[in-house]
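Thanks for coming, everyone. Please have a look at the model on the screen. I will take the domains, then the salt bridges.

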Protein chains: 2
Amino acid sequence: MDKKPVYLSLLILCLLFTFSSVKAEDGYQLWQRYNQVTNKGQLKQYQQLLEEVVVQGNSPTLQIVKDELQTGLGGLLGKTTAVKESGGKKNVLLAGTRNGSALVKALGLEEDLKAVGPEGYLLLSQKANGKNYTVIAANSDLGVLYGTFHFLRLLQTQQDIQRLAVKSSPKTKLRILNHWDNLDRTVERGYAGFSLWDWHKLPDYIDQRYLDYARANASIGINGTVLTNVNANSLVLTPEYLKKVTALANAFRPYGLKVYLTARFSSPIEIGKLKTADPLDPAVKAWWQKKVEEIYQYIPDFGGFLVKANSEGQPGPQNYGRTHADGANMLADALSPKGGIVMWRAFVYDNNVPDDRAKQAYSEFKPLDGTFRKNVMVQVKNGAIDFQPREPFHPLFGAMPKTPLVMEFQITQEYLGQGTHLAYLAPMFKETLESDTYAQGKGSTVAKVVDGSLNGHSLSAMAGVANIGTDRNWTSHPFGQANWYTFGRLAWDHSLSSEQIADEWIRMTFSNEPKLISEVKNMMMGSREAVVNYMTPLGLHHIMGWSHHYGPGPWIKDKPRADWTSVYFHRADEKGLGFNRTKTGSNALAQYAPEVQAQWQDPATCPEKYLLWFHHVAWDQKLASGRTLWDELCYKYTAGIDSVKAMQQTWAGLASQVDPERHKQVSTFLKIQHDDAKWWRDACLLYFQTFSKKPIPAGLEKPEHTLEYYQKLDPKFVPGI
Amino acid sequence: MDKKPVYLSLLILCLLFTFSSVKAEDGYQLWQRYNQVTNKGQLKQYQQLLEEVVVQGNSPTLQIVKDELQTGLGGLLGKTTAVKESGGKKNVLLAGTRNGSALVKALGLEEDLKAVGPEGYLLLSQKANGKNYTVIAANSDLGVLYGTFHFLRLLQTQQDIQRLAVKSSPKTKLRILNHWDNLDRTVERGYAGFSLWDWHKLPDYIDQRYLDYARANASIGINGTVLTNVNANSLVLTPEYLKKVTALANAFRPYGLKVYLTARFSSPIEIGKLKTADPLDPAVKAWWQKKVEEIYQYIPDFGGFLVKANSEGQPGPQNYGRTHADGANMLADALSPKGGIVMWRAFVYDNNVPDDRAKQAYSEFKPLDGTFRKNVMVQVKNGAIDFQPREPFHPLFGAMPKTPLVMEFQITQEYLGQGTHLAYLAPMFKETLESDTYAQGKGSTVAKVVDGSLNGHSLSAMAGVANIGTDRNWTSHPFGQANWYTFGRLAWDHSLSSEQIADEWIRMTFSNEPKLISEVKNMMMGSREAVVNYMTPLGLHHIMGWSHHYGPGPWIKDKPRADWTSVYFHRADEKGLGFNRTKTGSNALAQYAPEVQAQWQDPATCPEKYLLWFHHVAWDQKLASGRTLWDELCYKYTAGIDSVKAMQQTWAGLASQVDPERHKQVSTFLKIQHDDAKWWRDACLLYFQTFSKKPIPAGLEKPEHTLEYYQKLDPKFVPGI
């Protein structure tokens, strides 16, 4: 009998499942979607070259490699792919280390492998013994895992793999997510639900999501995670919580993800029952030493501490008349025998309101250069204020040659529209990394400071404040995933271009369809500039809503500290707008190298994007466009809204190419973004108009409501505090 | 050419998707899994009888009916099932109302439909015009939807549908979930993550989860939801939030789910700028009237208010020397023209600590019977204290014949192990519902009070405090889903047995495999008694940890109110244990009917399960088992642990019959439950031993630690506060 009917009914049943699986495209899979390759030519190439898969070895990490190849190739090639210990076919995918795999060892590769270091890998096409090998080789199992993800990415993005000759190793040694997660599962500046860490059910219950989180991080090379908020709770250092941290560390270990904790400086008092936390007190030193030993009993590969001290109310060494170096070194001495490090944040406030907030980190830390232990890194935000949509690079980069500096980027969009605005951050991160500090002459980029190459530091690190939470799609905005992805990719290789990262991410997250790639990339590449335009154009900064930072608040004044208000930062008056940071003002500019000062001190040569950051400019001043400052401000704010409108239009045109659930969510969020952009423009222009006394240029839309209306808006329960 | 290869490769591709869909069994689908029917005979019957599906009409609710039948039958029968407006085949599934469907009208059914009322439905096998109809008929589209879910349940549980003759209508008119959700998304007594309501993104963003929530509720007949915590925030009544509530109401409406809000009694002061909230003040009355009119402008079918007043610090009419009736009636008058109702909670505290907390609700509310408006219901917890693992029924049931009483059950397991203990609550709910109040002689069950039949009330309601949150599987514990399911089923029909509800739920949630059904049912049926035994056997109550209520705390004393402590409730002393509520004690027993008093006042006839609730019993008193009270206490606590051990063993044996993700989660939670049970036993026995001065009987395990050890345990950041 013909068996077609059986096939057919099975097929129909399966199609139903397939259908429901397509329907359920809720973003949980991130960029790790392994849908079948649509390009027939490439698919054929892959199927030919990957006749069988051989992985020798059985470590937990290699087990993940096997699972990933099986799942990945199963989906991408549309056929079940068994992973074997040895093979018989002619065209073989081979993954492993020289030490763990005789087949890899037989291929030679000794020199090439030496060059890529402990975490790097090779992807090679190589003939041997009459076979065609596609090789993923590394010096460690973790390197093999990283190589595996890279290899699968080539297939996901439908690249040619006929003649592979990839050598890859990370430019930064430590690539770390910073979670500002509190023990009650709220997340400071978190806009994607709540903390992933379900502390109450730990250490017993290992949520599947913990493994999926580690897997996603491994796929982009992230190798460390600080589990807790920099505004720290010492409770996490008690045995009860250390057991919970241990369970997470055990779950993450096979993925190469090391665990770090934030250390509250006053812990010796709060949980150690000491009378002081003075870093020079012998009892305090002994307490931390014992605490560190205890931690390493639980977690032998514990990464170390991230510390926020003497900043925004956090305790620190200055409480005892000691310096930041005294505090950091005391912790470093405790960690040093175990191989742990201290990341000491430079984001500090003292008790006095400075003449210019922008100067404080440099003032406090530059003199300490050379006084830190070898296992101390100073962690510096990309700019001197606080993760604004645009800031000039932080003057500490290049100014502390004897100290390895950690770059702290904020992936979570505290100041860039939070959970609902589309803002692709790669151009922002790149802008900082490519800035020239001139610390050792031209070409002394921030990237070279951070990767250690400028000053010969072997310790190097990049930290990203995570935008991840319990939301099903991890990041609230589907495009927030791109920023997590970007952080990992740039931490591995800061020379990648924003375009290339966007290209990879779009192909893996949506599809390889050329029209979609090109239009979505276009949206992404302009999105951060759109935010700058509708929030803080021309160098404006820190003029958002009080405390929650959502929406505009240029009128904010009379708060506990002047440098927490908007009027402090924009300095609007009847004459003009902007913060004079030149010699005639706060002279913060003097913290930069002379070459930088030379360019920025003159409003005529200062890039307009930084104009109001460094200069108080008259309302009537003509800018490059030929317009006055006031008119240009009006045009910039309006341009921001126009960009969002364009994104809305582009996205609407892609309805047939994106699954309905994600398409609808992005559409809705773009509408929110549009309305918020208008809110920003109307509120800011109406407010600044009270100083400029000038009309909005003809042809530009008039504000919808009065200034009073906007000043009364008071959104409650904004997430993230 | 033979087309087999094409089918084959498509088949393999599809199987891959199928595989990944099985792998992803994360509990999100609840009991709404539509896997193919495994019983070949039944499958054949279904396929024969359901040759085609006809639904006439296009309302949003009927659209859901169509989608549900298409998805449901597609999965269950393993074939694509198009839903048509008219049919040609012989064996037809026909769904609709007489008004909306000519085909349904042609079948007659007028009398039968009249009998099932506005929400009820018929499921019938009927021949007409030479066709075999399987009919889902109702008087409203919502009735059709309810019938559709019932019909699909028959297939999911693999019942014979050859000769259907089902008439079903709800025994309670309002079947309402109470969400104790705060506007910051924390959930009071919530153990499944955070609030589903993402207020910040409303009204724009409609999370797919809102629709899935409404669908799940509709599938078990729940027709109302109170979105906000009874400890209320008046902000939800401002236009900003009412717009958000409207978006939810619009999303829920097609599923028959009405929206209610909690009304903070002091709202006229807080958001209305009045100087008082006195319910007899004309300005206050006018404010509420206007507020209600405003709400109905947004939500024309708004359900009404749930109010917690003069209880645990909440404001209320007593602040102004008025009664609960004054307060409720004032709101009722505002709601009455719009058809809204007031549910006024009887769970009250006044400022004085009463001689017996158990008496207070009765004392305050019984005298008010007959003074409430027609659209006021008084909402009464199942017992007089506070959702303990076991309580005698609340004495108000039967004591307020002129007032319709809402039964308030707590689905969330505040006192029954919270997010990680397996406790199937149907036996607990049924225990209360089947209790005889003797209010109108024997047979005056609580159920008859609640469904209105005892006193001829047309308004009737059952409320369940939700156990739902953002956790992927909705309820934290996979078996928590059974309690949500149970609440809906019992609110529809309180005569269903716990066994039947468990049977349905297991088949739909796991499988129709007989061994699995029988063993899981066995686990479930004994699980609540296990919790009673290891927490509060023999009528003990309210001896848990302070504030968060997690774990044992029989030693709790010296708190702001005596009736918030454990020692107040267990009254342990050197003589014995238990709260004397007879004539020689607080005489709370006098609040029950004479027949009840007669049985409970004598320790010899009082059921042992209530013994220490009503009596202070000597340690040496012999109980029915022949053991002394002290020995029986030791045995009961131990039996609780043994039950959990037995569940662990049973569950381990089912590893091959449950998907790995859910199996592992339940295993882990059973381990936590076991450890917690031991914690409860050891802590309570050691503590009570300081009074009894007696040894733990030979043969029973000794406590693992000292009493001091347990008293020092202090879990932090317990969820749900």
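Into which domains is chain A divided? There is domain 1 (40-168), domain 2 (174-509) and domain 3 (533-579 + 616-712). Those bounds come from an automatic or database domain assignment.

Some ground rules. This is a predicted model, where local features need pLDDT of at least 70 and side-chain atom pairs count only at pLDDT 80 or more, while totals for chains, interfaces and linings use all residues. Residues are numbered from 1 along each chain as its sequence is written, chains are lettered from A and ligands numbered from 1 in the order in which they are written, and side-chain values use heavy atoms, with hydrogens and water left out.

Now, domain 1 of chain A against domain 2 of chain A. Their C-alpha centres lie 33 Å apart. The contact (heavy atoms within 4.5 Å) takes 15 residues from domain 1 and 16 residues from domain 2. Together they bury about 1,400 Å², 57% of it on carbon and sulfur atoms. Buried area here is the accessible area (1.4 Å probe) that two parts lose on being put together, summed over both.

What crosses that interface? The rule finds 3 salt bridges. A salt bridge is a side-chain nitrogen of Lys or Arg within 4 Å of a carboxyl oxygen of Asp or Glu. R215(A) forms a salt bridge with E68(A), with the closest N and O atoms 2.8 Å apart. On the domain 1 side, α3 (60-77) and α6 (141-156) of chain A each give two or more residues. The largest share of that side, 6 residues, comes from α6(A). Helices are DSSP runs (H or I, at least four residues) and strands likewise (E, at least two), numbered from the N terminus.

Over all chains, the structure holds 88 salt bridges. Chain B has some that reach across the sequence. Take R472(B) and D26(B), whose side chains meet at 3.1 Å, N to O. They sit 446 residues apart, R472(B) in the loop between β14 (461-465) and α15 (480-492), D26(B) in the loop between α1 (4-23) and α2 (40-49). Buried or exposed? D26(B) is buried, at 17% relative accessible area, and R472(B) is partly exposed, at 25%. Buried means under 20%, exposed over 50%, partly exposed in between (1.4 Å probe, protein chains only).

Next pair: D493(B) and K171(B), also a salt bridge, 3.1 Å from N to O. This one links parts 322 residues apart. D493(B) is buried at 17%; K171(B) is partly exposed at 35%.
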